[in-house]
Amino acid sequence: MRLPTLSRLACPACVRNGRIIAFDLDPMRLDERQAAGANAELTEGYLVCRSCRAAYPVLAGTAILPVDVKAHLATHGNVYRRLSIPDPRLARFLLGNAGDGTDFVPFDEVVGRYADLLPFDPARPARPMSSRDVRLDDALRAGGAVGPALEIGCGVGRGTFLLAARTGDAIGVDRSVARVRRARNVQTTDEFLLPVDETRRSETAIDLARLDRRDVDFLVADPDVLPFPDRSFATVIVRDGDGAGPFADAEVVRLEALRVAAPGALVLVEGKGAREGEARDFERVVVRGAVGVIGGIGSRGDASPGDRTAGGARVR
Ligand SMILES: [Zn+2]
């Protein structure tokens, strides 16, 4: 997690009770290469709520912010048990709570979202960008998206990188820690290899320079209890599900998206495709004045650039 993200977070346990409370940081490890810079990474630590004192861990650079973090660890243990956790307090907490789990990222999912970044090869047809990401990017351009921006259901992260390229400031959240870790891997690695063809006998590095990797962050969080204050984002993307599957109650997720959207924000809700993997259009929901008031659906409504908060989050 990037250190500046800390000031934008709110305790999810308190959000669920209608209260916006910031965290204190109990840091254990900062990435020393970047510790002095604005992009310092918090590698390990606890985020401790200033009110209810709930403690949310940051493990191997990933902030774990579902409301019920113990239940999350109990059901995603297959990912957490593979982590190397140097701090003994965190390691004890993790081992005491990590159960079994089946949170795996199918490799085809990663290939499907990043293979268009393979270098040009005259011997093979170019891989197109995933149609889901093309639709998102078109909707962002048409809507004049600005930051700060949030993608709910970021999966392996490609949409959040597109969001960052359009807005300069994007956060992706997902319940699948395996996918969030993969997204962070793309963000922080020096080289990311993908197979060049179906046989997978050889791999090639994708062109990471084509991704806006400076302006993103990824968190594990519930889609219906987002760990952010009200009115935090000028652009909010709601995918039709996340790495844990379709959202159980899409309306609740939509209302939560509107809570964190600033007045005048661009809120785009991904529709349902007729078939698995089919590209889906985005519905535009206009947020005016008070949060949660839907001014128009599926159109530009009467939102004007003047309605937009000037790219700034209002953090209490
Ligand atoms: Zn709290």
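Here is a walk through the structure, from the whole chain down to single residues.

What you're looking at is a predicted model, where local features need a pLDDT of at least 70, side-chain atom pairs count only at pLDDT 80 or more, and totals for chains, interfaces and linings use all residues. Residues are numbered from 1 along each chain as its sequence is written. The score called pLDDT is the predictor's confidence in each residue, from 0 to 100. The protein chain averages 86, and 85% of the residues score at least 70. Watch out for residues 290-316, though, where pLDDT stays under 50.

Now for the overall picture. The protein chain has nine helices and 15 strands; helices (H or I, at least four residues) and strands (E, at least two) are DSSP runs, numbered from the N terminus. Of the 316 residues, 43% count as buried. A residue is buried if 20 or more other C-beta atoms lie within 10 Å of its own, exposed if 12 or fewer, and partly exposed in between, with C-beta atoms placed from the backbone.

So what sits in the middle? The largest nonpolar core has 78 residues. Such a core is a set of buried Ala, Val, Leu, Ile, Met, Phe, Trp, Tyr and Cys residues joined through C-beta atoms within 7 Å. Its largest share, seven residues, comes from strand 13 (residues 261-270). Domain 1 (3-97) and domain 2 (128-307) both give residues to this core, so it lies between them; the domain bounds come from an automatic or database domain assignment. Val-236 is one of the residues with the most contacts inside the core. Leaving aside neighbours within four places in sequence, Val-236 is in contact with residues including Leu-150, Ala-261 and Val-267. Being in contact means that two C-beta atoms, placed from the backbone, lie within 7 Å.

In helix 5 (residues 107-114), the buried residues are Val-110, Arg-113 and Tyr-114. They cover an arc of only 85° around the axis, which puts them on the same side of helix 5; the arc is that of the directions from the helix axis to the C-beta atoms. Why can that happen? An α-helix has 3.6 residues a turn, so residues three or four places apart point the same way. Among the elements covering the buried residues of helix 5 are helix 7 and helix 8 (177-188). Helix 7 (residues 158-167) is itself mostly covered, with nine of its ten residues buried. Just after helix 7, Gly-168 takes a positive phi of about 80°.

Strand 2 (residues 42-49) has six of its eight residues buried, so it is largely enclosed by the rest of the structure. Strand 2 pairs with strand 3 (residues 55-59) in the antiparallel sense over four bridges; strands pair if DSSP finds at least two bridges between them. Gly-45 stands opposite Val-58 in strand 3.

Most residues other than glycine have a negative phi, and most peptide bonds are trans. Ala-60 has a positive phi of about 50°, and lies in the loop between strand 3 and strand 4 (62-63). Arg-231 also has a positive phi, near 60°, and is buried, with 21 other C-beta atoms within 10 Å. As for peptide bonds, a cis one joins Gly-147 and Pro-148, with omega about -5°.
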